[in-house]
Amino acid sequence: MPGSTNDALDWRTDHLLGAPFQEAALGPATLVRYPYPDGARAAKAAVIHVHGYNDYFFSRNGSLSAR
C-alpha cells in the first residue's frame, strides 16, 4: 500500500514542491504524491501527465499522425 512501510519505492521530499509532497524515481520518470495523513479517505482518482506527448503525437514530421 502506498505510504506504508512496505512501499517498494524510495520516496523523499520533492525537490521542487517541498514538503509534504514526495517524489520517487521510476526509470526515466518521476512520480509525485501527496501523502495523506493516517485515517484520511483514500484517493478515488489519479492523474498522469506525460510531458511532450501531444507534441509528438500531433507533429507532422514522421510521428504517428503521418502514418
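Tutor: Let's start with a term: a residue counts as buried under 20% relative accessible area, exposed over 50%, and partly exposed in between. Keep in mind that this is a predicted model.

Student: OK, so is F21 buried, exposed or partly exposed?
Tutor: Take its relative accessible area, which is 30%. Buried needs under 20% and exposed needs over 50%.

Student: How many aromatic pairs does the structure hold?
Tutor: Rings pair if their centres lie within 6.5 Å. By that rule, the count of aromatic pairs here is two.

Student: Stacked, tilted or edge-to-face: what is the pair of F21 and Y34?
Tutor: The ring centres of F21 and Y34 are 5.5 Å apart, and the planes sit at 65°. Planes over 60 degrees apart count as edge-to-face. So the F21 and Y34 pair is edge-to-face.

Student: Which parts does that pair tie together, and how far apart are they in sequence?
Tutor: F21 is in the loop between β1 and β2, while Y34 is in the loop between β3 (29-33) and α1 (53-58). The pair therefore ties together parts whose separation in sequence is 13 residues.

Student: Now D14. What does its side chain reach?
Tutor: D14 sits in the loop between β1 (12-13) and β2 (22-26). D14 is buried yet has no salt bridge, and R12, the nearest side chain of opposite charge, is 8.8 Å away. What the D14 side chain does reach, at 2.9 Å, is the backbone nitrogen of L16.

Student: Leaving aside neighbours within four places in sequence, which residues is D14 in contact with?
Tutor: Contact means heavy atoms within 4.5 Å. With those sequence neighbours set aside, the partners of D14 are F21, Q22, E23 and V32.

Student: Over the face of which residue does R33 lie?
Tutor: Check the distance to the ring centre: it is 3.9 Å for R33. The ring in question belongs to W11.

Note on methods
Residues numbered from 1 in each chain as written. Predicted model: local features only at pLDDT ≥ 70, side-chain atom pairs only at ≥ 80, totals over all residues. Heavy atoms only, no water. Helix = DSSP H or I, 4+ residues; strand = E, 2+ residues; numbered from the N terminus. Buried < 20%, exposed > 50% of the residue type's maximum accessible area, 1.4 Å probe, protein only. Lys, Arg positive; Asp, Glu negative; His and termini not counted. Salt bridge = Lys/Arg side-chain N within 4 Å of Asp/Glu carboxyl O. Polar contact = N/O pair within 3.5 Å; in protein donor to acceptor, adjacent residues only side chain to side chain. Phe/Tyr/Trp six-rings, centres within 6.5 Å; stacked < 30°, edge-to-face > 60°. Lys NZ or Arg CZ within 6 Å of the ring centre and 35° of its normal.
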